[in-house]
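This report describes the architecture of a single protein model. The sequence and the structure are shown below for reference.

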Amino acid sequence: MSDSTPTPSGLAAKVDKKRKRQAEEAPKEDKAAAAPSANNSTDGPQKKKKKKNAKNKLKQKQKEAEEDPKQQERKGGLDESIGKMDGRLLADHFAQKAKRHNKELTAVELSDLSIPDSAFLDTSSFESSRSLDQLPAFLKSFSPDKGAKLSQASEEKGSPHTLVVCPAALRAADVVRALRTFQSKDSTVGKLFAKHIKLEEAKQFLQRARTGLGVGTPARISDLIDAGSLKLGELERIVIDGSYIDQKQRGIFDMKETHLPLLQLLTRSEFRERYGAKQKRVQILIF
């Protein structure tokens with residue numbers, strides 16, 4: 001019998017090698033498993049930091065909007081900046097808006113839609129808010145004899161002394177209600193807008209009623225002038241509902257669908273020849 005140590009069989013040697021390899025790989029797997037957990041521990045704070053930064057940016061934007069003078073002047077359904085403009089600034093404001101909304105027009109066509117400085121009556125001295133409840137006081141402030149004749153109307157039917165131009169029919173209906181303080185048995189506040197009122201009905205109303213003040217939208221007022229139902233011989237002032245802005249922060253100057261008809265109305269030859277005139281003068285007031 002030999003004294004030498006027996007050599008392990010081939011199968012036993014393979015098993016030994018496999019065990020050694022598993023023993024060597026175990027620490028590596030533990031490290032690899034530990035790495036994601038470390039990453040997860042840092043992901044939490046990073047996500048929180050990102051959310052915090054996003055909130056801070058949002059707050060900063062809100063703060064900047066609140067501090068922006070233009071935004072401050074467009075609060076509570078009003079654009080207070082309009083009322084601070086004199087005739088020269090208003091003429092420029094109209095021209096700039098016309099250029100912005102009607103880029104397809106030529107310089108000559110834009111010139112035809114321009115309104116001279118002399119057309120505007122400076123109302124910047126009115127210190128109260130341009131809210132709807134202040135409209136009667138506004139009219140009295142810029143009418144002769146403190147508005148004593150605002151409740152009167154011409155003997156001629158459909159001949160108002162004042163036209164109030166609004167951006168939409170619903171707003172015009174609100175304005176009519178606000179101006180009923182000037183309505184009397186001899187003078188009716190005319191509804192010159194399309195909301196539930198057909199053009200033919202509006203024409204018939206003007207043909208039978210003495211109207212001191214007429215309230216409407218640019219397109220409907222133009223249609224009634226073209227039809228000959230709305231007469232302009234006694235007209236003294238055109239009041240633009242310019243400070244009002246809707247829920248989308250849009251006013252009569254901000255929308256092409258209202259601004260272009262407004263310009264076309266204000267630049268009619270019947271008005272243009274009377275801006276700055278000594279007799280039968282017509283003035284534009286921006287409320």
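## Surface and burial

The protein exposes about 17500 Å², and carbon and sulfur atoms supply 50% of this area. The model is a predicted one. Of the 287 residues in the protein, 39% are buried.

## Overall content

The secondary structure comprises ten helices and seven strands. Where contacts in the protein join residues at least 6 apart in sequence, 74% of them link residues at least 24 apart.

## The open sheet

Five strands form an open sheet in the order β4-β5-β3-β6-β7, and their pairing is parallel. At the edges stand β4 (188-192) and β7 (283-286); each has a single partner strand, so one side of each is left without a neighbour in the sheet. From one strand to the next, the twist averages 20°. Strands of a sheet pair through backbone hydrogen bonds, in either a parallel or an antiparallel manner.

Within this sheet, strand β3 (residues 162-165) pairs with strand β6 (residues 237-240) in the parallel sense, over four bridges. Thr162 has Arg237 of β6 as its bridge partner.

## A helix across the sheet

Which strands does helix α9 lie across? Helix α9, formed by residues 256-266, lies across β3, β6 and β7. Its direction is at about 170° to that of β6. Of the strands that α9 lies across, β7 is an edge strand of the sheet, while β3 and β6 are paired with each other.

Conventions:
Residues are numbered from 1 along each chain as its sequence is written. This is a predicted model: local features need pLDDT of at least 70, side-chain atom pairs count only at pLDDT 80 or more; totals for chains, interfaces and linings use all residues. Side-chain values use heavy atoms; hydrogens and water are left out. Two strands pair if DSSP finds at least two bridges between them. Helices (H or I, at least four residues) and strands (E, at least two) are DSSP runs, numbered from the N terminus. Axes are lines fitted to C-alpha atoms, for helices over the stretch in contact, and angles run from 0 to 180 degrees between N-to-C directions. Contact means heavy atoms within 4.5 Å. Buried means under 20% relative accessible area, exposed over 50%, partly exposed in between (1.4 Å probe, protein chains only). Accessible areas come from the Shrake-Rupley method with a 1.4 Å probe; for residues, only the protein chains shown count as cover.
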